[in-house]
Amino acid sequence: MNKSCKVTLTVNEVERTAEVEPRMLLVHFLRETLNLTGTHIGCDTSQCGACTVLVNGEAVKSCTMLAVQADGASITTVEGLGDVEHLHPIQQGFWEKHGLQCGFCTPGVMMAMVSLLQEHPAPTEEEVREALEGVICRCTGYQFIVDAVLHAAAEMAKLQESGNVSDTMPVGEGR
Amino acid sequence: MANMIGTPVKRKEDPRLLTGNGMFTDDMKLPGMLHAAFLRSPFAHAKIVRIDTETAKQYPGVIAVFTGADLIGKVKPVPTMWYVPGADLKAKDRSPLALEKVLYAGEAVAVVVAEDRYIARDALELISVDYEELPAVTHQEKALQEGAPLVHDDVPQNLALLWKAGEVPDEAFEQAEVVVRQRLYNQRVIPNPMETRAAVAQFNPGSGEMTIWCTSQNPHIHRMIYSGVLGIPESKLRIVAPDVGGGFGAKIATYTEEAVVGHAARELRRPVKWVEERREHFMATTHARDEVIEVELAGKKDGTFTALRVKNTANLGAYLSTFGGGCPTIDFGLMITGAYHIPQAAVVTYGVYTNTTPTDAYRGAGKPEATFQIERIVDLFARKVGMDPLEVRRKNLIPKESFPYTTAMGLLYDSGNYELTLEKALEAVDYEALRKEQEELRAQGKLIGIGFSTYVELCGFGPSKVAGAIGFQGGVWENSTVRVHPTGKVTVYTGTSPHGQGTATSFAQIVSDKLGVPIEDIELVHGDTQSISMGWGTYGSRTTAVGGAAVAIAADRVVAKAKRIAAHELEVATEDIDFAGGVFSVKGVPGREKTFQEIARSANFAWNLPDDVEPSLEAQSFFDPSNFVYPFGAHICVVEVDKDTGEVALRKYVAVDDVGKVINPLLAEGQVHGGVVQGIGQALWEGAVYSENGQLLSGTFMDYTMPKARFFPRVEWHFTETPSPVNPLGAKGIGETGTTAAPPAVVNAVMDALQPFGVDDLDMPLTPEKVWKAMQNRREGI
């Protein structure tokens with residue numbers, strides 16, 4: 001049980017190597033081993049989505065994945081999304097539209113929505129609500145989250161038009 | 001500087017939380033920190049015959065295993081905090097770990113402390129407990145029956161309390177033109193903040209000081225109670241609520257696990273962390289509501305109400321939780337008449353022990369249940385007298401000329417204009433057109449329903465002398481210090497303990513208006529008993545009305561002192577100083593002025609102060625309001641029921657709330673959205689279900705339906721502002737209005753939709769199965 005494995009993965013564009021127990025969940029690896037505590041744990045049963053991160057660009061609930069399964073993968077957590085000086089449009093959207101209250105589910109929700117906007121850059125309100133299926137927020141009633149995502153989509157479209165895309169998806173600027 | 005109060009300012013809290021820089025309890029890491037895990041009873045009621053922890057103790061990485069016996073004399077039982085008077089209360093304190101018996105599934109029986117959380121979990125499997133299962137009782141009405149299993153051997157009939165208030169002579173019902181009676185069940189729900197409970201404890205053996213970081217809505221209450229439980233003087237116990245991921249009432253209660261974690265840190269001389277898993281949270285953190293409410297409303301054929309009589313049989317769970325006794329009695333019972341003029345009213349509450357998780361406050365705590373029963377019975381009354389529920393409401397709502405208004409239950413409603421919110425809501429939905437549309441769609445075989453909730457809510461806890469009179473073992477005043485640094489930057493301290501409400505922003509707005517300092521220069525400190533001398537926390541929608549008022553008063557005191565210093569420096573009398581926009585100026589002498597920042601420096605440097613003025617620039621306020629505050633409003637819900645599946649779809653939801661003066665409309669609207677969605681959640685989906693033998697069947701997010709984004713249309717929100725006279729801000733409370741107003745609005749709408757089927761009432765949650773069956777029975781009946 002205590003036999004450890006070596007994993008090497010890229011987290012927020014920094015290569016990390018560590019010895020982990022084979023049973024260690026990716027979310028615990030991020031939080032405990034790498035001290036990236038922005039990703040939260042809300043349910044342990046893969047319903048709440050607070051632990052959502054991007055694995056090779058796709059939204060994954062990091063409590064459903066073992067750290068060893070992420071060997072060789074590229075991970076983006078909320079810390080890699082954008083810092084206070086350079087907020088990602090999704091972070092800016094959540095701020096502008098009051099998309100968060102306690103902030104506990106927020107990092108996971110934002111990562112899930114980054115994934116949505118990559119696939120559907122101009123979602124309708126209904127599509128955003130559908131895409132929020134994998135996350136639970138108990139505070140906001142979702143309405144301002146929806147507004148935040150639509151705001152982010154609009155801002156990203158503007159950036160796209162102006163050709164200033166480098167700042168729109170700054171995945172990996174964080175720690 | 002523009003007025004900050006009333007402006008939709010973006011939150012100061014957000015950049016930190018949006019970039020992963022929050023600090024929630026589980027984010028803390030201390031050198032040498034151990035991890036705790038609790039072994040929980042699989043039975044709802046059982047004798048503990050034997051516990052064998054030896055194998056677990058031998059497991060590599062395990063540092064200690066404690067059982068209840070190990071804690072005797074070291075950790076005392078955790079008491080309730082609300083001794084409801086005149087109720088023959090049989091309070092049952094909670095042993096930190098179960099001793100001879102377990103009384104509900106999920107009760108903690110042992111704790112493992114280990115090097116990491118995985119090892120701690122492993123070792124739980126190695127503890128062997130021999131239980132002798134006993135018959136369990138989970139339903140409050142069954143628990144009251146003769147021969148029911150006793151949860152506590154010395155509490156006959158499992159009756160924890162019997163509380164009565166108000167009086168109505170029988171004739172009021174016997175001689176009434178119209179009487180409607182209904183039995184309603186306000187089902188058990190689980191608050192489920194997204195952050196479960198967690199605690200980190202650290203003990204300094206040299207000084208005897210302990211710090212517990214934990215998920216608390218009220219750290220000073222936790223300090224007061226854990227001090228007694230752990231035998232550590234309040235002066236040596238520090239409780240910190242760092243970022244807290246929602247509470248909704250579940251983080252008010254003083255639980256046993258946090259105390260056990262504190263003790264483990266003390267005994268093992270190493271910091272200890274415990275983080276509740278969601279499955280544990282479902283069983284071990286308080287539930288709420290679970291009240292069987294029998295209501296009788298008497299009135300006249302013209303729709304006038306004359307008397308109300310209510311019986312509440314409330315499930316308190318296995319122990320009396322911190323506010324557990326108060327919710328179904330005081331909080332519920334005094335609000336039974338709602339927003340209506342009802343001359344006579346009476347209430348009786350049976351509080352019952354069962355083999356279930358203890359119940360306590362959940363967003364509204366008693367008021368949602370009170371509102372539910374009155375709003376439902378008003379609709380049934382309208383049906384009986386053949387009036388539109390709107391007209392019955394218009395006829396009985398307390399008119400605006402009557403405020404302040406004393407209710408039949410003896411409360412003094414502070415201020416109100418109920419018709420205004422109702423008219424605004426009607427306008428928003430275009431009521432007449434809506435009724436027409438409903439008729440047309442009905443003709444096409446579509447089931448549309450319109451539901452009202454014209455509610456009033458009691459909050460802003462509250463006058464401390466009232467707290468004393470109702471048996472609450474604490475005060476409910478609030479404390480604030482406004483501290484001005486030499487550079488003119490400001491730190492505000494509050495005894496409230498926000499956990500998502502955005503109080504760092506709204507309080508900064510209050511101070512900004514008072515001091516003329518930009519909100520960027522104002523920081524709020526909360527949730528730390530070491531920084532804040534005393535305070536009573538965040539619950540009962542009291543943060544702005546009581547805590548915000550204390551901030552405003554303290555800021556006024558800062559200005560008063562600063563004015564004297566400015567007058568001294570400008571060599572005029574204090575009366576000759578004007579203060580506006582952060583500038584002290586001499587009346588009638590343009591240009592003779594000092595900025596707030598200059599005076600802040602003068603006050604702190606103290607080179608040249610008036611003889612009778614002490615150095616420094618800070619002030620404190622301990623504000624105890626003269627009354628509660630009573631926000632109110634009108635919610636209208638429009639639903640469509642699918643005839644074939646019983647599914648309820650929300651077509652429209654309009655909320656018009658009056659919460660007095662609104663400090664930040666953006667944050668206020670956020671509170672409404674969240675509350676309404678939780679309220680709709682209770683109406684349509686949420687519900688804790690126990691098996692007969694006390695197993696929690698809805699014990700994960702797979703079985704307990706949490707509201708999801710796709711379930712909802714946009715909630716349309718409007719507000720009116722009728723200031724409260726009981727605090728200097730004129731503010732009321734908003735946090736609990738949604739959960740209070742929404743459930744009856746939704747249920748009334750569904751019952752309206754089902755009118756063609758003659759269905760008068762269904763128990764929440766209105767699941768498709770339940771609604772479909774009701775239609776089916778009726779079809780078969782025809």
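Trainee: What does the secondary structure of chain A come to in helices and strands?

Mentor: Keep in mind that this is a predicted model. Chain A has five helices and five strands.

Trainee: How do you know that chain A agrees with a compact globule?

Mentor: Set its radius of gyration against the rule. A compact globule with 175 residues would come out near 16 Å, and chain A has 16 Å, so the two agree. Its C-alpha atoms fill a box of roughly 50 × 35 × 25 Å along the principal axes. Buried residues account for 57% of the chain. As for contacts in chain A with a separation of 6 or more, 64% of them join residues 24 or more positions apart.

Trainee: And chain B, what makes its radius of gyration agree with the globule rule?

Mentor: Same kind of check. With 782 residues, the rule gives a value near 28 Å; chain B has 27 Å, which agrees. The C-alpha trace of chain B spans about 90 × 75 × 50 Å along its principal axes. There are 21 helices and 28 strands in chain B, and 59% of its residues count as buried. For its contacts with a separation of 6 or more, the share between residues 24 or more positions apart is 81%.

Trainee: Why is A:Phe104 called buried?

Mentor: Count its neighbours. The label needs 20 or more other C-beta atoms within 10 Å. A:Phe104 has 30, so it is buried. You'll find A:Phe104 in the loop between α2 and α3 of chain A.

Trainee: Which residues does A:Phe104 touch, leaving out those up to four places away in sequence?

Mentor: From chain A, they are A:His40, A:Gly42 and A:Ala50. From chain B, they are B:Phe24, B:Met194, B:Glu195, B:Gly245 and B:Gly246. Take A:Gly42: it sits 62 residues from A:Phe104 in sequence, yet their C-alpha atoms are 8.3 Å apart in space.

Trainee: How many residues does each chain bring to the contact?

Mentor: Chain A brings 46 residues and chain B brings 44. On the side of chain A that touches chain B, the elements giving two or more residues are α2 (89-96), α3 (106-119), α4 (125-131) and α5 (143-161). Of these, α2(A) gives the most, with four residues. That side of chain A divides into 20 nonpolar, 16 polar and 10 charged residues.

Trainee: Let's pick a helix in chain B. How do you know that the length of α7(B) agrees with what a helix should span?

Mentor: Helix α7 of chain B has 12 residues, 219-230, and at 1.5 Å a residue they should span 16 Å. The end C-alpha atoms are 15 Å apart, which agrees.

Trainee: What makes α7(B) largely enclosed by the rest of the structure?

Mentor: Again, compare with the burial cut-off. In α7(B), 10 of the 12 residues are buried, so the helix is largely enclosed. Among them are B:Pro219, B:Ile221, B:Met224, B:Tyr226 and B:Leu230.

Trainee: What do those buried residues of α7(B) pack against?

Mentor: They pack against β10 (209-214), β11 (237-240) and α8 (257-268), which belong to chain B as well.

How values were computed:
Residues numbered from 1 in each chain as written. Chains lettered and ligands numbered in written order. Predicted model: local features only at pLDDT ≥ 70, side-chain atom pairs only at ≥ 80, totals over all residues. Expected span 1.5 Å × (residues − 1). Contact = placed C-beta atoms within 7 Å. Nonpolar A, V, L, I, M, F, W, Y, C, P; charged D, E, K, R; others polar. Rg over C-alpha atoms; globule rule 2.2 N^0.38 Å.
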